[in-house]
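Hello,

I am handing this structure over to you today. Please open it first, then read my notes below.

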Amino acid sequence: MLLFFLWIGTFYASTIMAFAEFISLWYMPAGISIAAFLIFGKRAFIPIFLAVFFLSFRFTEQLQQGLDPAHLAAAILFALAHTVPYGLGGLAARYWLSHFIQHGLPIRIIGLLVIYAVSALCAAIAGLFVWEFTTETYDNIIEEGWFAWWLGDLVGVMVIAPLMCLILPKFTNTRLAWLEEFYAHDRKLSANLKPFLFKLCVAAAAVIGILLLDSQLTHPGIAYFVFFVTIPQLWIVLTERTSFATTSLVVITVIMAFGVGLFNVTDQAITYQFALYMTAAISYFAVAVPALIQRNIQLQEMSMVDLLTNLPTKWLFKTLVNQVVKSSRPNQNHSIAMYNLDHFKKINDDYGEAIGDQVLIDSAQIMKNELRDSEILCRCEQDIFVVFMPNLDIDAATKRANELRHKLPVLHIDDLILPIRGSFGVAQVQFGEAIEETVERATRALQQAKQEGRNKVVAIS
């Protein structure tokens with residue numbers, strides 16, 4: 001019922017914005033149709049078909065004049081001509097977005113735009129073919145009208161489908177994994193309406209100004225200024241929530257659709273129509289930019305923080321230590337202690353990896369709590385950890401490593417009591433030495449500690 005009345009409502013909204021009979025810059029119901037199949041799949045066929053049939057059949061006229069079987073057949077053909085292409089297009093887009101989620105967002109957007117264009121073209125040709133077949137007053141209508149019909153439908157799809165994909169799942173409590181990615185970065189952006197409304201007013205003023213200028217001047221090139229509306233729209237897409245960007249695209253389209261008739265610039269309708277399509281297409285690609293930025297931030301965070309223990313990664317550890325060492329005076333001493341948990345493999349083998357992971361998490365947290373403010377702890381790999389000890393020479397660092405070794409806990413995990421022990425290798429940072437070399441010497445010291453029976457500290461100068 002929601003889809004049925006929504007489709008009919010947008011049909012009449014499109015007719016209100018028409019600057020000639022059945023001619024508008026965009027056809028809003030096309031966006032409803034393809035979005036319905038995107039969100040609901042095959043279930044959308046019946047309400048969309050019935051909505052098109054209801055408007056094509058014109059029940060009031062048929063009741064007054066008597067049932068005409070030819071008119072009934074024409075209404076069915078019109079309904080099929082619209083529903084089948086958009087149904088196949090919507091299902092194809094749904095499959096593309098959900099089954100090829102491993103592809104990057106830009107690639108999926110390209111596929112989506114291709115599916116939209118093909119669906120709108122098939123729907124336009126099918127609709128015109130039915131129109132020519134069922135009426136006697138229009139000859140060669142396919143050759144003359146396919147481009148305007150196609151572009152109007154395509155603009156409707158491009159503008160309305162994203163808005164419906166935002167609204168329909170909320171009304172029906174539907175969750176779609178592929179849809180979440182388009183709006184995932186919204187949570188990181190401000191929901192403050194004031195900046196968005198200011199940018200929207202700039203975009204709306206630009207559209208109205210160009211339409212007004214075009215109506216006053218006779219130069220045919222004035223209409224091409226409408227392509228500059230892409231700039232404020234991109235400003236919104238790149239700085240505001242995707243939901244706001246979707247709304248702004250609808251508002252710009254509505255103003256332009258009304259304005260073409262209101263300012264009597266219908267001779268340039270195709271130019272404005274094409275500008276709408278280009279603005280929508282560029283907006284689609286621009287939506288990928290904040291998503292890619294958010295993804296890069298997540299990858300950067302993953303490269304800096306170990307996901308299991310929440311400790312700095314080896315890369316971040318080396319970066320921080322290098323900064324400290326490079327800013328140190330020649331007489332400042334710094335040391336590194338590398339340690340691993342004794343017999344950790346046996347814990348994994350005897351109790352399972354879940355217990356092993358818990359041992360890593362708990363022991364790392366306890367060790368982290370024992371660190372001084374200036375010390376840095378990182379997880380290198382599996383059960384190997386490194387501690388940076390600034391302003392400590394080899395002797396002081398060895399003593400400090402022994403203090404930390406005695407802080408390793410006895411863990412109580414469920415019914416298990418696991419005493420945790422560790423072997424430590426200590427090395428002092430030599431002046432002018434790369435941190436990788438210091439880590440290598442600390443690794444040799446750790447290996448020696450394990451060979452000498454474990455649970456001890458070995459230092460290499």
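**Notes on the sheet, a surface patch and the cysteines**

F424 stands opposite V457 in β7. The model is a predicted one. β7 pairs with strand β6, residues 422-428, in the parallel sense. Four bridges link the two strands.

Both strands belong to an open sheet of five. The order is β2-β3-β1-β6-β7, and the pairing is mixed. β2 (376-381) and β7 (457-460) stand at the edges. Each has a single partner strand, so one side of each lacks a neighbour in the sheet. Neighbouring strands here are turned by 20° against each other on average, direction ignored.

Next, the surface. A nonpolar patch covers about 980 Å². Its residues are F45, I46, L50, L72, I76, L77, L80, V84, L88, F129 and F133. Three helices each supply at least two of the patch residues: α3 (45-57), α5 (69-99) and α6 (105-134). Which helix gives the largest share? That is α5, with six residues. V84 is found in α5. V84 is partly exposed, with a relative accessible area of 36%. Patch residues need over 30%, so V84 at 36% clears that cut-off.

Last, the cysteines. A search of the whole structure finds zero disulfides. For C122, the nearest cysteine sulfur is that of C165, 20 Å away. A disulfide needs the two sulfur atoms within 2.5 Å, so C122 is in none. C122 is partly exposed, at 39% relative accessible area. C201 is exposed, at 52%.

Best wishes

Technical notes: Residues are numbered from 1 along each chain as its sequence is written. This is a predicted model: local features need pLDDT of at least 70, side-chain atom pairs count only at pLDDT 80 or more; totals for chains, interfaces and linings use all residues. Side-chain values use heavy atoms; hydrogens and water are left out. Buried means under 20% relative accessible area, exposed over 50%, partly exposed in between (1.4 Å probe, protein chains only). Patches are made of residues with over 30% relative accessible area and no salt bridge: like charges are joined within 9 Å, nonpolar side chains (Val, Leu, Ile, Met, Phe, Trp, Tyr) within 5 Å. Accessible areas come from the Shrake-Rupley method with a 1.4 Å probe; for residues, only the protein chains shown count as cover. A salt bridge is a side-chain nitrogen of Lys or Arg within 4 Å of a carboxyl oxygen of Asp or Glu. Two strands pair if DSSP finds at least two bridges between them. Axes are lines fitted to C-alpha atoms, for helices over the stretch in contact, and angles run from 0 to 180 degrees between N-to-C directions.
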